[in-house]
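User: Hi! I'm new to this one, could you walk me through it?
Analyst: Happy to, let's bring it up and go from there.
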Amino acid sequence: IFVTSHSPNFASIAELSTLVCLVDQGGSVEAFQPRDITFDKGKREKLERYLDVTRAEIFFARRIIFVEGAAELMLVSVLAERAGYKLRDHGVSLISVEGLNFDCFLPLFGEKALKIPVAVITDADPAGVDGKALYPAAGATVAVSDNTTKMLGLQDNLVRVFYGQKTLEYDLALEPENVATMLAALKDIHPQIGADLAAVVASAGDSTARAKALFTGMFERPQNNVQKGRYGQALAQALAKPGATHKVPKYILDAIAHACQAAPA
């Protein structure tokens, strides 16, 4: 029999029914047992499959930001620092769910479960018209995807869902201050694509047209799309350089601020 604490290694291989979480609520300690949560059909089993050593950190976290994948994992941390937040100093764990698997993680959190601030950063992925992709302008009202709509229905005062206009890269490109840095990151990994795309973006009309040109020129090419993970790493490095022009999209900033708030007393 092993009795242990603060070990994601053990939590990743233990059955959910064996775990007990103790949460400091500021003056009192509250116990939470994942076995008490009612999951939708198949979601408990799905969660247990996804709980590797990294994601098992959720049981020890004080605050959490969930993101979709590797690109967001690299970029949100550096965007937080550029906005004046050091996630580590605030005790925020940044966790990738590797896709759209938020639905198996979120039942563990909220006012009736683990009572810690949780922010979900996801794509709006607005539905296109007649099979054509949609490239919304900044501030435009978008009809979000069914998955994002479902996540919004799981919100309470502790769990909040944040989304932009389309996807992270597109939303970054909508901010004019980010375009030069995004192109510089692209040139670091694909010099010719970066040079060609810089000319296309420069000739585009408004900020929406520039964002569409930059996004499609990287990720919707006729062939050989830029890899999002590799580009995310290059962009994170470019953003971290002193003097790099940037602006953190509002939904990202709001998610960071929510996660970094004081834990409820």
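User: At what angle do helix 3 and helix 10 pack?
Analyst: Helix 3 (residues 70–82) and helix 10 pack at about 15°, and their axes are 8 Å apart. Before we go on, this is a predicted model, in which local features need pLDDT of at least 70 and side-chain atom pairs count only at pLDDT 80 or more, while totals for chains, interfaces and linings use all residues. Residues are numbered from 1 along each chain as its sequence is written, and side-chain values use heavy atoms, with hydrogens and water left out.

User: What counts as a helix or strand, and how are angles taken?
Analyst: Helices (H or I, at least four residues) and strands (E, at least two) are DSSP runs, numbered from the N terminus. Axes are lines fitted to C-alpha atoms, for helices over the stretch in contact, and angles run from 0 to 180 degrees between N-to-C directions.

User: Which residues of helix 7 meet helix 10?
Analyst: Thr181, Met182, Ala185, Leu186 and Ile189 do, and their partners in helix 10 include Tyr231 and Leu235. Contact means heavy atoms within 4.5 Å.

User: Is threonine 181 buried or exposed?
Analyst: Threonine 181 is buried, at 6% relative accessible area (buried means under 20%, exposed over 50%, partly exposed in between, with a 1.4 Å probe and protein chains only). Beyond its neighbours within four places in sequence, threonine 181 is in contact with Leu235, Ala238, Leu239, Ala244 and Thr245.

User: Switching topic, in what order do the strands of the open sheet come?
Analyst: The order is 4-3-5-6, with parallel pairing among the 4 strands. Strand 4 and strand 6 (159–163) are at the edges with a single partner strand each, so one side of each has no neighbour in the sheet. From one strand to the next, the twist averages 20°. Two strands pair if DSSP finds at least two bridges between them.

User: How many residues of strand 3 are buried?
Analyst: 5 of the 5 residues of strand 3 (residues 63–67) are buried, so the strand is largely enclosed by the rest of the structure. Arg63, Ile65 and Val67 point one way, and Ile64 and Phe66 the other way. Strand 3 pairs with strand 4 over 5 bridges, and isoleucine 65 has leucine 94 as its bridge partner there.

User: Which strands does helix 11 lie across?
Analyst: Helix 11 (residues 250–259) lies across strand 3, strand 4, strand 5 and strand 6, running at about 160° to strand 5.
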